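The following note comments on a single structure in numbered points. Please read it beside the sequence and the coordinates.

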Amino acid sequence: MSHEGRTSAVPGRVPEYEYQVLRLPRGTSRQEARQLLTEHAEYGRWELARVRLHFGGARTVWLRRRILRVTRPAGGTATSTGPRPW
């Protein structure tokens with residue numbers, strides 16, 4: 001199995017998703033493929049975007065997940081503004 005990571009790059013637009021491409025060899029059973037994809041979904045928050053089955057039996061799987069954008073508060077620090085316990 002090989003892994004390739006990439007992000008979508010549309011000129012003039014901020015990408016909303018990042019993609020990971022998995023190549024599953026011909027001998028990979030459906031159960032093994034399902035287990036691999038389930039682990040990516042549960043622990044990496046990936047979702048299935050596309051599957052291509054090749055003539056020889058190999059599969060190429062595209063997984064995607066939403067890119068989370070974190071905005072900083074206006075004060076310049078990322079700490080809470082409440083009273084300090086000390």
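Does arginine 45 count as buried or exposed?

1. Arginine 45 counts as exposed, because its relative accessibility is 65%. Under the convention used here, buried means under 20% relative accessible area, exposed means over 50%, and partly exposed lies in between (1.4 Å probe, protein chains only). Arginine 45 is found in the loop between helix H1 and strand E3 (47-53). The phi angle of arginine 45 is near 60°, a positive value in a residue other than glycine.

2. On provenance, this is a predicted model, in which local features need pLDDT of at least 70 and side-chain atom pairs count only at pLDDT 80 or more, while totals for chains, interfaces and linings use all residues. Residues are numbered from 1 along each chain as its sequence is written, and side-chain values use heavy atoms, with hydrogens and water left out.

3. The secondary structure of the protein chain comes to one helix and four strands, arranged along the sequence as β-β-α-β-β. Helices (H or I, at least four residues) and strands (E, at least two) are DSSP runs, numbered from the N terminus. Of the 86 residues of the protein chain, 19% count as buried. Among contacts (heavy atoms within 4.5 Å) with a separation of 6 or more, 48% join residues 24 or more positions apart.

4. Helix H1 covers residues 30-44, and its 15 residues should span 21 Å at 1.5 Å a residue; the end C-alpha atoms are 20 Å apart, which agrees. The expected span is 1.5 Å times one less than the number of residues. The buried residues of H1 are Ala33, Leu36, His40 and Gly44. Seen down the axis of H1, these buried residues fall within an arc of 65°, so they line one face of the helix; the arc is that of the directions from the helix axis to the C-beta atoms. The face turned away from the buried side carries the exposed residues Arg30, Arg34, Glu42 and Tyr43.

5. Threonine 60 is placed in strand E4 (residues 59-66) and counts as buried, at 7% relative accessibility. The side chain of threonine 60 makes a polar contact with the side chain of histidine 54 (2.6 Å). A polar contact is a pair of N or O atoms within 3.5 Å; within protein, one must be able to donate a hydrogen and the other to accept it, and residues adjacent in sequence count only if both atoms are side-chain atoms. Leaving aside neighbours within four places in sequence, the contacts of threonine 60 include Val21, Leu22, Arg23 and Arg52.

6. Arginine 52, in strand E3, is partly exposed, with a relative accessible area of 38%. Beyond neighbours within four places in sequence, arginine 52 is in contact with Ala58, Arg59, Thr60 and Trp62.

7. Glutamine 20 lies in strand E2 (residues 17-24) and is buried, with a relative accessible area of 14%. The side chain of glutamine 20 makes a polar contact with that of tryptophan 46 (3.5 Å).

8. Two arginines have charged ends over rings: arginine 50 over tryptophan 62, 4.9 Å from the ring centre, and arginine 64 over tyrosine 17, 4.1 Å from the ring centre. The criterion requires NZ of Lys or CZ of Arg within 6 Å of the ring centre and within 35 degrees of the ring normal.
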